[in-house]
Amino acid sequence: MFTGIVESLGKLVKIEQEQTNLHLWIKADFVDELKIDQSVSHNGVCLTVVDFKDDLYKVTAIEETIQKTNFNTLNIGDSINLERCLQFNGRIDGHIVQGHVDQTGKIISIDNQEGSYFITIAYDEDSTKNVTVEKGSICLNGISLTVVDSKVGEFSVAIIPYTWDFTNLSNANVGDTLNLEFDIIGKYVKRLVQK
């Protein structure tokens, strides 16, 4: 479980394909604090540390993960938003994030608001479990954000300069695919209401 507060930007150094799996080798400033079997959020995707080599660690994405996330667009040298799993001895600064991506969305606009950024994302509105609400939470590439504007199949978020500078959103462009995890409470409420 995570909070959606990005701890560090990692760098994708190597990609190995083994049958339908992708092994991703990541460089991060906290590699020496990791251990085998530990969960780490990668752009909002919970993956397990399976190996180390020099100053890198390895995680494996199976075909299911690759199909439901933006991992099929990753390239060597890409920045990855990283967060180690939540410890229940401190504050939760973001919101409850499982690291289970619901679907991807596409950036349809990025507006520089002279000090902040306003990003609008389109997603598949046919999904019965996903919902956004104004002032509700959304996890975007592993980043806990507040929804500013919510429409069917589309929502917007405002990005403060700190988040822009210290996450991979600063590399994002219109048309890019982002991982979306909708708020767990909103998903359960929607399911209950539909029944």
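Modeller: A nonpolar patch on the surface is formed by M1, F88, I92 and I96, which together have about 420 Å² of accessible area. Such areas come from the Shrake-Rupley method with a 1.4 Å probe, and for residues only the protein chains shown count as cover. A patch is made of residues with over 30% relative accessible area and no salt bridge; nonpolar side chains (Val, Leu, Ile, Met, Phe, Trp, Tyr) are joined within 5 Å and like charges within 9 Å. This is a predicted model, in which local features need pLDDT of at least 70 and side-chain atom pairs count only at pLDDT 80 or more, while totals for chains, interfaces and linings use all residues. Residues are numbered from 1 along each chain as its sequence is written, and side-chain values use heavy atoms, with hydrogens and water left out.

I96 is placed in the loop between β6 (79-84) and β7. Strands (E, at least two residues) and helices (H or I, at least four) are DSSP runs, numbered from the N terminus.

Strand β8 is largely enclosed by the rest of the structure, because five of its seven residues are buried. Strand β8 also pairs with strand β11 (residues 154-159), again in the antiparallel sense, over six bridges; here Y117 has I159 in β11 as its bridge partner. The six strands β7-β8-β11-β10-β9-β12 close into a barrel in that order, with antiparallel pairing. From one strand to the next, the twist averages 45°; axes are lines fitted to C-alpha atoms, for helices over the stretch in contact, and angles run from 0 to 180 degrees between N-to-C directions.

A salt bridge is a side-chain nitrogen of Lys or Arg within 4 Å of a carboxyl oxygen of Asp or Glu. K151 counts as partly exposed because its relative accessibility is 47%, and E154 does so at 24%.

The whole structure holds six salt bridges. One of them joins D55 to K27, with the closest N and O atoms 3.0 Å apart. This pair links distant parts of the chain, since D55 lies in the loop between β4 (45-53) and β5 (56-61) and K27 in strand β2, 28 residues apart. The side chains of E64 and K68 form another, at 2.9 Å from N to O; these residues are four apart in helix α1 (residues 63-68), so about one helical turn separates them.

A network of salt bridges links E7, E33 and R84. E33 and R84 are also among the contacts of Q38, apart from its neighbours within four places in sequence; contact means heavy atoms within 4.5 Å. Q38 lies in the loop between β2 (21-27) and β3 (39-42) and is buried, because its relative accessible area is 15%.

Key:
Buried means under 20% relative accessible area, exposed over 50%, partly exposed in between (1.4 Å probe, protein chains only). Two strands pair if DSSP finds at least two bridges between them.
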